[in-house]
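Okay, thanks for coming, everyone. Let me put something up on the screen.

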Amino acid sequence: MVESNIKLRKPVTEDGVALFDLVKRCSPLDQNSAYCNLLQCSHFAETGIAAEMNGELVGFVSGYLIPDRTDVLFVWQVAVDEKARGQGLSKKMVLELLKRPSLSNVQYIETTITPDNEASWGLFRSLSKTLDTPFESSTHFEEDAHFQGRHKTEHLVKIGPF
């Protein structure tokens with residue numbers, strides 16, 4: 001259960017640098033530029049959700065609608081500060097995000113996950129179970145072919161329809 005002092009809300013541009021700092025604290029997440037995080041908090045605010053505790057950003061889900069498949073929410077990144085872990089906050093953020101009227105057409109969630117990111121595998125399996133929907137996984141971006149050996153293989157996870 002998520003502590004009651006954690007507030008979920010739509011991101012604002014002022015969250016950009018706090019998001020940059022949050023992701024930096026959340027290894028093994030890939031660090032994006034501060035400018036990218038500003039865009040996630042402005043251009044993509046409708047498909048993102050911020051979790052705040054005592055005025056501090058402690059969680060964030062960034063995503064977007066795939067342009068030619070607007071019934072798919074692609075979850076780009078899920079970050080939860082260590083002080084807010086173990087409370088189901090990641091799942092709560094995604095489920096709350098799906099309640100937005102602007103996302104009412106979404107019937108699928110997609111994301112990519114590296115093989116060793118147990119927290120993300122657990123989150124998306126749990127979401128699939130909660131939403132009572134199929135869970136599929138396949139290799140998407142390969143370590144050598146797509147990342148030239150600089151990043152682990154990313155597996156595409158699909159859940160839906162719901």
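I'll walk you through the pockets here.

Quick housekeeping: this is a predicted model, where local features need pLDDT of at least 70, side-chain atom pairs count only at pLDDT 80 or more, and totals for chains, interfaces and linings use all residues. Residues are numbered from 1 along each chain as its sequence is written, and side-chain values use heavy atoms, with hydrogens and water left out.

A pocket, by the way, is an open set of points on a 1 Å grid over the protein atoms alone, where a 1.4 Å probe fits, with protein on both sides within 12 Å along at least five of seven lines; lining residues have an atom within 4 Å of a point.

So, the largest pocket. There's about 610 Å³ of space in there, counted as what's filled by probe spheres set on the points, which are joined across faces, edges and corners. It has 28 lining residues, and Asp 30, Trp 76, Thr 112, Ile 113 and Glu 154 lie nearest the centre. Which strand gives the most to that lining? That's S4, with six residues. S4 spans 69-80, and helix H4 (118-130) is also among those supplying at least two residues. Helices and strands are DSSP runs, by the way: H or I of at least four residues, E of at least two.

Now the second largest pocket, at about 380 Å³. Here 20 residues form the lining, with Val 78, Val 80, Arg 85, Ser 90 and Ala 119 nearest the centre. This time H4 gives the most, four residues, while S4 and helix H3 (89-98) each supply at least two.
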